[in-house]
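Hi,

Here is the structure I promised to pass on. Have a look at it first, and my notes follow below.

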Amino acid sequence: MTAASAAGGSRPLFLDAQVQLGSELAIPRAFIEYQADNAHHRMAAHGHAVRRDRIRERVFALYQDDDADRLVAEMDEAGIALAFMVAPDFSHVADCALSPPELARLHHRVSRRHPGRFRVFWGVDPRAGQDGLDLFERCVTEYGFAGLKLYPLCGYSPSDRRLYPYFEICARYRLPVISHTGPGWGPLDFTFGRPLLIDEAARDFPSVDFVLGHGGVTHVDEASYLCAHRPNVHMDISQFHSVLSADGWQRHLNRLFRQGLEHKILFGTCWPSYRMSESLGGLVKEFAEGTAVFDGVRRTSRELIMSGNGLRLLAKASGDGPGDGHGR
């Protein structure tokens, strides 16, 4: 895939740097309930008399896509040719339908069902010990997973020394790391969501590329100066349409895209978290065609953001043979 246009030469193609499998098998029930309750609170505040249980039913209905067939159909409509499918490890903070090995097999099955559409980023937690490390290496060597996913709000720093053996594997196979930044859900600890917490790991593992998930949406100044001064730190803009900005997400992104960091920014949506409020195709169309988003931004910079930067990270892993294994 390139950033060239789709068939017919009129529609740009996208790489989505962050999607999830919209399934109760992959996402804890507590997460979905929190999303539903948050939506109910917002609607009630605006005077909409909707029962909480009805909202929960509607939200849970969005998470029955166990094979990602619906997600792929949405990607086709939106012109998203490839997506990073992240599989966070919530097993230390919530009851999960599947064990980590079972969840890994599910994501492997989904990626095989839809060849060429997903690159899986496997979620780990430093408390998993040797079992977690062995599973991650198996995910890389047997399943062909493309990178590592961290969700620090579960209670750890992304520079936790217990994660360093995972980063050693990433260095060996030239795999990128996506680390969540910003807020999350329910009982999780938002203090671990600051981008600066990745700095020690990025410094100690200069050959590993770190992506600040949602870095272009929350803690933007902190994420920006890290990307500007650490060659191996990048950010994605997933959840961009929910940015807290008085003049809207279009102008927020335009300011971000004109800071000289276009070579460090990856397009992303965090789909399917917003299925209840809008369509993926409509959101991507508004992003691609909105005059405010790319006002004053060169075409080459647009292509880097839409797909080029993500493809460059993947290309490192597809080199001949593994890396040298030296993280520091």
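Strand β3 (residues 118–124) runs parallel to β4, and four bridges join the two; strands here are DSSP E runs of at least two residues and helices H or I runs of at least four, numbered from the N terminus, and pairing takes at least two DSSP bridges. Opposite Val124 you will find Leu150 of β4. Between β3 and β4 the chain passes through helix α5 (residues 129–141) in a right-handed β-α-β crossover, meaning that the path over the helix runs clockwise when the strands point away from the viewer.

This is a predicted model, with local features needing pLDDT of at least 70 and side-chain atom pairs pLDDT 80 or more, while totals for chains, interfaces and linings use all residues. Residues are numbered from 1 along each chain as its sequence is written, and side-chain values use heavy atoms, without hydrogens or water.

On its other pairing, β4 is parallel to strand β5 (residues 177–180) over three bridges, with Leu148 partnered by Val177. β4, helix α6 (residues 164–173) and β5 form a right-handed β-α-β unit. In β4 (residues 147–150), Gly147 and Lys149 on one side and Leu148 and Leu150 on the other are all buried, that is, under 20% relative accessible area with a 1.4 Å probe, protein chains only.

Best wishes

Definitions and conventions:
Buried < 20%, exposed > 50% of the residue type's maximum accessible area, 1.4 Å probe, protein only.
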